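Please consult the sequence and the structure first, and then the numbered points.

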Amino acid sequence: MSSRHSRGDTPAVVRLVAVDRQIRQLQRERAALVAVARSEKLSWQQIAAALGVSRQAAWEAHRAAADTVADIRLRSSMSEDEAMAIAKSATREARASRSR
């Protein structure tokens with residue numbers, strides 16, 4: 001059981017914790033896919049259209065991870081998966097530092 005809820009929590013609270021976990025996982029997957037799209041040379045306008053947001057909103061939300069993947073791949077012989085793993089780690093660290 002997660003430390004975010006206790007034994008006495010209602011089914012609604014338990015479900016909220018589970019849904020929140022799923023949302024965070026989907027957000028990480030979306031960020032990773034945006035990074036892949038950028039590495040495949042898709043424009044921010046194309047990515048924004050796929051996400052249903054403005055180009056500016058897509059860029060602001062995802063540029064750091066996308067730039068990290070692109071930079072790693074340009075500077076090394078890493079595979080896309082290896083670069084993505086490093087980018088995910090860097091994104092988690094950046095988010096953790098912002099929440100402190």
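1. In which helix does histidine 62 lie? Histidine 62 lies in helix H3; helices (H or I, at least four residues) and strands (E, at least two) are DSSP runs, numbered from the N terminus. This is a predicted model, in which local features need pLDDT of at least 70 and side-chain atom pairs count only at pLDDT 80 or more, while totals for chains, interfaces and linings use all residues. Residues are numbered from 1 along each chain as its sequence is written, and side-chain values use heavy atoms, with hydrogens and water left out.

2. Overall composition. The secondary structure of the protein amounts to four helices and zero strands, and the pattern along the sequence is α-α-α-α. Of its 100 residues, 21% count as buried, where buried means under 20% relative accessible area, exposed over 50%, and partly exposed in between (1.4 Å probe, protein chains only).

3. Surroundings of histidine 62. Histidine 62 counts as buried because its relative accessibility is 8%. Apart from neighbours within four places in sequence, histidine 62 is in contact (heavy atoms within 4.5 Å) with Arg30, Ala31, Val34, Trp44 and Leu51.

4. The nonpolar core. Such a core is a set of buried Ala, Val, Leu, Ile, Met, Phe, Trp, Tyr and Cys residues joined through side-chain atoms within 4.5 Å. The largest one has seven residues, namely Val34, Ala37, Trp44, Ile47, Ala48, Ala58 and Ala66. Helix H1 (11-39), helix H2 (44-51) and helix H3 (55-75) are the elements that give two or more residues to this core, and H2 gives the most, with three residues.

5. Packing of H1 and H2. The axes of H1 and H2 come within 10 Å and cross at roughly 145°; axes are lines fitted to C-alpha atoms, for helices over the stretch in contact, and angles run from 0 to 180 degrees between N-to-C directions. On the H1 side the contact is made by Arg30, Val34, Ala37 and Arg38, and on the H2 side by Trp44, Ile47 and Leu51.

6. The loop between H1 and H2. Lysine 41 is found in this loop. Its phi is near 70°, a positive value in a residue other than glycine. Lysine 41 is classed as exposed because its relative accessible area is 71%.

7. Tryptophan 59. This residue has its place in helix H3 and is partly exposed, with a relative accessible area of 30%. Tryptophan 59 and tryptophan 44 are 15 residues apart in sequence and 6.4 Å apart in space, C-alpha to C-alpha. Arginine 63 lies over the face of tryptophan 59, at 4.3 Å from the ring centre; a charge sits over a ring if NZ of Lys or CZ of Arg is within 6 Å of the ring centre and within 35 degrees of the ring normal.

8. Contacts along the sequence. Among contacts in the protein with a separation of 6 or more, 28% are accounted for by residues 24 or more positions apart.
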